[in-house]
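Please look at the sequence and the model before reading on.

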Protein chains: 4
Amino acid sequence: MELRVALLGQGFMGKAHSNAFAQVGHFYDTPFRIRRALLCGRDAESLKTMAARWGWEETATDWRAAIDRPDIDLVDIALPNHLHAEVAIAAAQAGKIVLCEKPLALTVADAEAMVAAAKTVRTMVWYNYRRVPAIAFAHRLIAAGRLGAIFHYDAAYRQQWGPDRSRDGTWKMDPALAGSGVADDLLTHLLDTALYLNGAVTQGLALRKTFAPGRQIDDAFLALLTFANGSVGQFQATRFAIGCRNANTFQIHGAGGMLRFNLERLNHLEFADASDAATDQGTKDILVTDMQHPVFPHFWRPAHIIGYEHTFIAALGEFLEALAGDAEFHPDFRDGLAVQRVLAALQQSATSGQWTAIPN
Amino acid sequence: MELRVALLGQGFMGKAHSNAFAQVGHFYDTPFRIRRALLCGRDAESLKTMAARWGWEETATDWRAAIDRPDIDLVDIALPNHLHAEVAIAAAQAGKIVLCEKPLALTVADAEAMVAAAKTVRTMVWYNYRRVPAIAFAHRLIAAGRLGAIFHYDAAYRQQWGPDRSRDGTWKMDPALAGSGVADDLLTHLLDTALYLNGAVTQGLALRKTFAPGRQIDDAFLALLTFANGSVGQFQATRFAIGCRNANTFQIHGAGGMLRFNLERLNHLEFADASDAATDQGTKDILVTDMQHPVFPHFWRPAHIIGYEHTFIAALGEFLEALAGDAEFHPDFRDGLAVQRVLAALQQSATSGQWTAIPN
Amino acid sequence: MELRVALLGQGFMGKAHSNAFAQVGHFYDTPFRIRRALLCGRDAESLKTMAARWGWEETATDWRAAIDRPDIDLVDIALPNHLHAEVAIAAAQAGKIVLCEKPLALTVADAEAMVAAAKTVRTMVWYNYRRVPAIAFAHRLIAAGRLGAIFHYDAAYRQQWGPDRSRDGTWKMDPALAGSGVADDLLTHLLDTALYLNGAVTQGLALRKTFAPGRQIDDAFLALLTFANGSVGQFQATRFAIGCRNANTFQIHGAGGMLRFNLERLNHLEFADASDAATDQGTKDILVTDMQHPVFPHFWRPAHIIGYEHTFIAALGEFLEALAGDAEFHPDFRDGLAVQRVLAALQQSATSGQWTAIPN
Amino acid sequence: MELRVALLGQGFMGKAHSNAFAQVGHFYDTPFRIRRALLCGRDAESLKTMAARWGWEETATDWRAAIDRPDIDLVDIALPNHLHAEVAIAAAQAGKIVLCEKPLALTVADAEAMVAAAKTVRTMVWYNYRRVPAIAFAHRLIAAGRLGAIFHYDAAYRQQWGPDRSRDGTWKMDPALAGSGVADDLLTHLLDTALYLNGAVTQGLALRKTFAPGRQIDDAFLALLTFANGSVGQFQATRFAIGCRNANTFQIHGAGGMLRFNLERLNHLEFADASDAATDQGTKDILVTDMQHPVFPHFWRPAHIIGYEHTFIAALGEFLEALAGDAEFHPDFRDGLAVQRVLAALQQSATSGQWTAIPN
């Protein structure tokens with residue numbers, strides 16, 4: 001069955017998504033033949049180059065072209081954050097399958113409108129890190145009770161490019177286009193992973209910080225969270241963690257042991273198993289590349305490691321499998337909305353300085 | 001010159017201090033000949049065994065014996081927390097040199113009284129981790145400007161014995177004797193190190209958590225801090241970090257790079273130097289055992305590593321050097337009081353749920 | 001310019017090469033449009049499935065089809081080792097560009113014949129690990145003199161599947177098809193990297209070991225080597241290193257410092273720089289994903305790591321760049337022959353128990 | 001019971017032994033009260049300083065004073081290697097308990113004479129690393145069959161001070177006094193540990209290398225070994241491993257998994273357990289500081305790590321326990337002789353270039 005795709009966006013994410021559409025058929029068995037039918041972006045010149053390189057059949061400089069073409073089955077939104085709501089709602093109303101980059105929207109209200117508009121279509125939010133084999137394996141270990149009752153769920157996303165003022169002009173540094181700084185960009189990843197692994201957040205307290213003089217958005221965002229399962233967490237997102245390039249990390253402690261992860265070592269999951277004999281206890285470095293691990297077996301042989309791009313391929317692959325089997329898929333727009341609710345409460349807390357409840 | 005020491009306390013700390021008094025002369029050159037003159041504790045029987053093993057000349061079951069004996073020059077307090085103030089004040093008033101285990105006291109008022117009483121005598125608080133070579137080296141790097149302006153100072157002390165209910169009867173689990181749980185026990189270490197490395201704290205917000213049903217004290221304590229130098233921090237102390245045995249850690253990010261430390265690897269300091277060429281940047285694992293590093297050269301040869309006990313020997317050794325040279329020494333009772341002030345504000349914040357200013 | 005490719009081989013390597021041909025145009029700018037024209041293999045049924053999945057236009061069950069078709073520009077050999085010589089010579093004689101999986105041949109004589117036959121055509125041997133960014137960066141550091149005079153070059157390739165008797169029937173376990181066990185399979189990788197990084201080998205002494213009773217090939221191969229630059233090395237290849245899945249490692253010590261690598265962490269290079277100040281010395285973990293590092297910039301952003309497959313894409317990409325620019329490319333068949341010469345001498349040494357000189 | 005000790009030697013080892021005699025009673029319960037009765041060395045002036053610092057009651061500039069004094073119970077030899085045989089034989093013939101630094105002797109003949117002379121007295125060789133908790137724990141795991149049949153036993157001792165010509169005048173660089181360079185100094189440690197953990201060596205082939213022009217002794221020593229249990233090993237000792245300060249390491253692979261150790265991280269043992277489920281396999285970093293681990297419980301609490309000096313204290317402590325209980329103790333002079341036999345065969349092999357059998 002042919003699936004005609006329109007990709008909206010020609011930036012770094014456009015490249016990552018293009019690669020996913022090109023590669024998914026090589027590693028995932030689904031009934032769908034992907035046709036890279038249409039690539040939309042604002043710069044006609046570079047759009048042509050990108051289309052030629054990545055095999056997009058046609059291009060358009062107005063995203064509405066994708067909505068208007070009845071032969072387009074799937075619209076994939078890799079545009080700046082402030083456009084997500086309008087485009088996704090239009091696409092959903094036109095009956096398209098809708099994939100959307102994270103964060104889902106700039107506001108809870110927008111996200112709710114997107115969920116409402118997409119009630120009858122299939123959706124996905126590109127919280128691709130759920131398909132890191134190590135994170136999917138962590139999920140499996142927790143679901144199997146290997147960690148027991150969770151006490152601590154700490155997470156941090158540390159990057160270092162904040163001091164570079166040359167990037168101040170990009171849309172990511174403009175609150176009107178990006179929503180916020182590290183909160184929408186990095187903290188949302190932490191929150192989606194936390195909701196996936198540790199369940200609902202009940203309340204939070206946040207501290208927002210801008211280090212670069214005159215900058216309009218947050219450079220760092222710290223928060224304390226309490227979870228519905230009784231655990232507590234400290235969260236941090238920052239672009240001023242000099243020495244860390246892309247350190248998306250978590251550390252979980254439960255009655256059954258510890259799990260630790262760092263995206264810079266995405267093939268690894270650290271596990272301390274409290275059920276080991278006392279003399280045998282220690283932190284194990286598991287290379288999550290076994291044929292019995294989740295996600296990985298779609299790619300290569302044990303210990304023939306994968307990289308960043310594979311998380312996009314796997315997210316898309318599992319989405320197509322769910323589509324073919326008419327099965328549930330997560331994260332969908334409702335999952336994206338859940339992240340926005342926590343984020344909005346934390347932003348409110350950062351403004352008020354008060355503990356703020358998270359509506360669930 | 002002979003220095004007659006009375007040690008008060010026969011527990012684990014009594015053993016660590018005994019070792020320091022026995023060993024300091026082997027590794028530090030000072031004019032003092034330490035005489036282990038008197039060991040005080042409540043259990044006469046085990047006291048004799050301990051005295052015989054560690055070379056204490058006499059024993060007494062009442063700590064006042066140490067105060068009353070005019071030939072005692074130095075009183076070292078390794079008693080449960082609630083006794084620190086009374087004993088230290090008595091010792092100071094009797095003109096003794098006073099060393100006191102951390103935390104200095106149960107309350108800021110007590111700590112202030114101790115500082116007042118000790119105005120004319122030399123004091124030390126056993127925040128021994130300042131003499132971990134890696135921490136002393138971190139201090140030197142920061143003082144030399146190698147880290148530039150500090151953005152983030154995060155610290156955590158994670159232990160795992162919290163679920164063990166068999167220790168509920170010990171003084172460390174009794175708020176009347178210990179003050180609090182992890183806050184007085186572990187968080188105080190983090191705070192002293194933070195004050196040493198990163199300077200004054202301006203405000204804080206804390207979350208206290210007791211996981212074990214019915215337990216009277218906190219099992220975990222989380223806090224957000226802001227520092228006078230403009231940096232922000234997240235702090236955590238817990239006995240429910242299953243998988244971590246004694247993970248006293250910090251991670252500091254400044255314009256000049258990152259420093260990272262873990263007490264379980266106390267001979268190591270991790271350093272990412274932002275002044276390296278772009279292609280050469282990475283996190284360096286420095287074995288802090290060079291003859292040009294602080295503290296270490298008193299002991300063995302490069303890479304012939306030291307352990308936990310050496311931090312006590314070094315603290316005592318540097319105290320004796322300062323005593324001989326009539327030089328300043330830190331941490332003294334004033335430094336201990338500074339920790340209490342932050343701690344009290346955080347306890348207040350944990351109760352109120354509000355950001356709380358730290359008086360300096 | 002169109003480049004019509006025939007791939008010979010439908011196993012794991014066939015998949016890795018197919019991916020490289022599909023992906024190279026996405027990440028490397030060359031004048032060539034790759035057409036996956038022909039896929040050859042012995043099993044017609046699975047060949048069709050593989051061709052459909054990877055976009056090969058036609059299939060053939062006889063590799064001679066690739067040689068005979070005048071429209072085929074490039075023949076890529078991913079067949080069992082014993083077929084390399086015959087096929088490569090035929091392809092070269094037909095004027096094709098020839099790419100060949102490693103090891104180049106079963107014997108030095110065969111390898112010499114291949115070099116002779118390929119004198120007027122472009123060739124590549126798939127020693128793909130030269131394009132691991134970390135290894136290419138190691139080469140650059142050494143070439144720039146950062147390591148000074150080399151004293152030690154040690155290398156090991158450790159896998160753990162040797163005890164699995166279920167694989168005894170595959171061609172890799174048959175000396176007639178594979179040449180040898182770990183020697184041809186794993187040691188050849190170590191040798192190519194060593195020749196690349198450390199130059200010519202002068203003599204060697206080897207020990208061959210078969211642990212599995214009745215097995216016809218070597219399970220482990222150990223060697224001592226001396227290099228023309230005065231350094232010494234110990235080499236080891238084994239499938240009985242239980243606990244190691246794909247640990248292709250080296251450790252180099254020179255007057256200027258140390259380099260250390262492990263393929264299981266292929267984005268990392270460890271570097272101890274002897275020119276650092278004494279207090280600053282340590283082993284640095286460099287994430288070789290900077291825009292100024294070799295190879296990596298073709299792919300994603302800093303710290304967005306790559307995996308196993310990218311080494312094939314990069315090898316092919318650089319080969320096409322060299323082809324377009326009429327520039328030298330390594331490793332070509334002559335480099336493959338150099339590996340065979342060392343290997344043959346080591347096999348002879350393992351038989352004789354004597355030090356054996358390597359002809360250069 | 002009083003045990004009057006004479007220590008012969010005032011260098012770095014003299015300091016390490018002095019510390020062991022001073023500390024053993026604090027951590028080990030034995031019936032013996034150690035009296036540090038006599039310190040012998042050649043430099044009267046510094047001898048007095050050292051005696052005062054470490055509590056030696058008397059000093060003598062001729063080692064024969066220790067033999068001649070009937071009140072001396074135990075003679076501890078920490079003299080340059082060439083003196084071991086003469087002194088140990090004299091001490092044994094005088095009926096003393098004899099402890100001797102490693103290596104036992106310069107030649108097998110000397111070592112045999114020492115064993116013969118010491119037939120009726122208790123002896124110990126200071127292969128102190130057997131008492132590293134991690135190494136003792138490795139021994140226990142192997143003895144319990146946790147590693148199954150051993151396939152590979154690799155060991156390396158890497159230091160970096162070789163290029164420093166200022167040390168060329170010391171006895172360690174003089175073949176007449178030291179026997180050899182890294183072979184007697186470092187390789188002997190590797191061999192004793194290997195004999196302890198992996199049993200008898202059957203044959204070996206060695207390569208000796210002097211990098212520093214004009215130096216009389218070996219700077220590096222490489223060897224291949226075969227063991228009586230069927231395993232194979234590569235061994236390396238070097239002072240030219242720039243970047244490694246004191247990296248005494250081993251890596252063992254058996255049917256049951258892998259063990260890995262590095263003296264620079266002496267509190268840690270890495271263990272990959274092949275009996276773990278496939279998805280759970282990985283390399284575990286065990287902090288060997290549990291109360292059920294060997295050696296460690298004599299010292300502090302879990303994760304309160306120990307250092308270099310503790311291996312001397314523990315060796316002495318266990319020797320005294322064996323002495324008190326009239327139990328066997330290893331390593332004694334016979335164990336020291338076993339090391340010499342392997343060493344001598346390897347030296348012979350390095351000269352001849354031939355595989356050489358090891359007499360057992």
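## Basis

This is a predicted model, in which local features need pLDDT of at least 70 and side-chain atom pairs count only at pLDDT 80 or more, while totals for chains, interfaces and linings use all residues. Residues are numbered from 1 along each chain as its sequence is written, chains are lettered from A and ligands numbered from 1 in the order in which they are written, and side-chain values use heavy atoms, with hydrogens and water left out.

## Chain B against chain A

Chain B and chain A each give 40 residues to their contact (heavy atoms within 4.5 Å). The area buried here is about 3,100 Å², with 60% from carbon and sulfur atoms; buried area is the accessible area (1.4 Å probe) that two parts lose on being put together, summed over both.

The interface holds 2 salt bridges, a salt bridge being a side-chain nitrogen of Lys or Arg within 4 Å of a carboxyl oxygen of Asp or Glu. B:Arg158 and A:Asp154 form a salt bridge, with 2.8 Å between the closest N and O atoms. On the side of chain B that touches chain A, the elements giving two or more residues are strands E7 (150-158), E8 (201-209), E9 (220-227), E10 (232-238), E11 (247-254) and E12 (257-262) of chain B; strands are DSSP runs of E, at least two residues, and helices are runs of H or I, at least four, numbered from the N terminus. E10(B) gives the most, with 6 residues.

## Chain B against chain D

Here 36 residues of chain B are in contact with 36 residues of chain D. Together the two chains bury about 3,400 Å², 55% of it on carbon and sulfur atoms. B:His26, B:Arg53 and B:Trp300 supply 21% of the area that chain B buries against chain D, more than any other three residues.

Between chain B and chain D there are 4 salt bridges. B:Asp290 and D:Arg245 meet through their side chains in a salt bridge of 3.0 Å, N to O. Helices H1 (12-27), H2 (44-54) and H9 (308-325) of chain B are the elements that give two or more residues to the side touching chain D, and H1(B) gives the most, with 9 residues.

## Helix H10 of chain C

Helix H10 of chain C has 20 residues (333-352) and should span 28 Å at 1.5 Å a residue, which agrees with the 28 Å between its end C-alpha atoms. The expected span is 1.5 Å times one less than the number of residues. Just after H10(C), C:Gly353 takes a positive phi of about 75°.
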